Amino acid sequence: MYTFDGRVRYSEVDGDGRLTMAALINYFQDCSTFQSEDLGVGIRYLQERNLAWVLCSWQIKVERYPELGEKITVGTAPYDMKGFLGYRNFALLGQEGEFLARANTLWSLLDMQKGRPVPVPEDMLKKYVLEPRLDMEYASRKITALGERSLREPITVKKHHLDTNHHVNNQQFIGMAMDYLPEDFVVGQVRAEYRRQAFLGDVLVPGVLYNGENYIVVLADTSGAAYMTAEFAEKERL
């Protein structure tokens, strides 16, 4: 597993001094970016070929949120690549090597000019070493959002929502959705299904529902077609 070490910064914690979900996701996507850069198949490699890895789904399970100042290790490993799809695990480890969080992701390689998936190039396939997938309970990447949704104030995509692919970053989508959780809600697991990209100036209409167990937030366009659907399960209270 590719890893890098870190320490929980003040800018990464919430009001209780614990790592935020946004910071956790940023650590994960930074880790995969670092690995790709070190292998020579990072952002510049992709841009020169008009390619981009686009996230299809997240599943993040949190055992414990580390606190301010804690030393942590962030890790990632691809465990399968076939056609235009890439499967990748992530892990957040504590100082004793214990798992603080695990994640599973599915990615699609897109030709950004044509706007369609393309097979992973052979030279890229040779760079990544596939590893056995992490031991975790794997949930479906499909999220069912049945029931009436409470619609909230529309969100217009701004420049700060965008990443190097010039679309809304996956963490920004989840951050938007988390704004509609109850104040004392601590996320134990998040699943996110990404349907399509959102760009500068697009209008996202949040729809929120509670299915008796979990909160589901759909970010859709004005016609109701989803950009992203996220499901949040509450962490067990000790």
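Trainee: Which residue in the turn of the hairpin formed by β3 and β4 has a positive phi of about 65°?

Mentor: This is a predicted model, in which local features need a pLDDT of at least 70 and side-chain atom pairs count only at pLDDT 80 or more, while totals for chains, interfaces and linings use all residues. Residues are numbered from 1 along each chain as its sequence is written, and side-chain values use heavy atoms, with hydrogens and water left out. Strands here are DSSP runs of E with at least two residues, helices are runs of H or I with at least four, and both are numbered from the N terminus; strand β3 covers residues 71-82 and strand β4 residues 85-93. Two residues lie between these strands in the hairpin, and the one in the turn with the positive phi is G83.

Trainee: How many bridges pair β4 with β5?

Mentor: Two strands pair if DSSP finds at least two bridges between them, and β4 meets strand β5 (residues 99-111) in the antiparallel sense. Within this pairing F90 stands opposite A103, and the hairpin has five residues between its strands, with G97 in the turn at a positive phi of about 85°. The number of bridges between β4 and β5 is nine.

Trainee: How many of the nine residues of β4 are buried?

Mentor: Buried means under 20% relative accessible area, against over 50% for exposed and in between for partly exposed, with a 1.4 Å probe and protein chains only. In a regular strand the side chains alternate between the two faces of the sheet. In β4 both faces are covered, with L85, Y87, N89, A91 and L93 on one side and G86, R88, F90 and L92 on the other. The count of buried residues in β4 is therefore nine.

Trainee: What is the angle between the planes of W58 and F90?

Mentor: Rings of Phe, Tyr and Trp (its six-membered ring) pair if their centres lie within 6.5 Å, and planes under 30 degrees apart count as stacked, over 60 as edge-to-face and the rest as tilted. The structure holds 10 aromatic pairs, among them the tilted pair of W58 and F90, at 5.5 Å centre to centre. This pair links distant parts of the chain, with W58 in strand β2 (residues 51-62) and F90 in strand β4, 32 residues apart. Both W58 and F90 are buried, and the angle between their planes is 45°.

Trainee: How far apart are the end C-alpha atoms of α1?

Mentor: The expected span of a helix is 1.5 Å times one less than its number of residues, so the 19 residues of α1 (residues 21-39) should span 27 Å. The helix is followed by G40, whose phi is positive, near 85°.

Trainee: Is E12 buried or exposed?

Mentor: E12 is found in the loop between β1 (2-7) and α1. Taking contact as heavy atoms within 4.5 Å and not counting residues up to four places away in sequence, E12 touches R7, R18, L19, T20, A23 and Y27. Because its relative accessible area is 14%, E12 counts as buried.

Trainee: How many disulfides does the structure hold?

Mentor: A disulfide is a pair of cysteine sulfur atoms within 2.5 Å. The sulfur of C31 has its closest cysteine sulfur in C56, 20 Å away, which is too far for a bond. C31 is buried at 0% relative accessibility, and C56 is buried at 15%. The number of disulfides in the structure is zero.

Trainee: Which residue of β12 does V217 stand opposite?

Mentor: Strand β11 (residues 215-220) is mostly covered, with five of its six residues buried, and six antiparallel bridges join strand β10 (residues 203-210) to β11. On its β12 side (residues 226-234), β11 also pairs in the antiparallel sense over six bridges. In that pairing V217 stands opposite A230.
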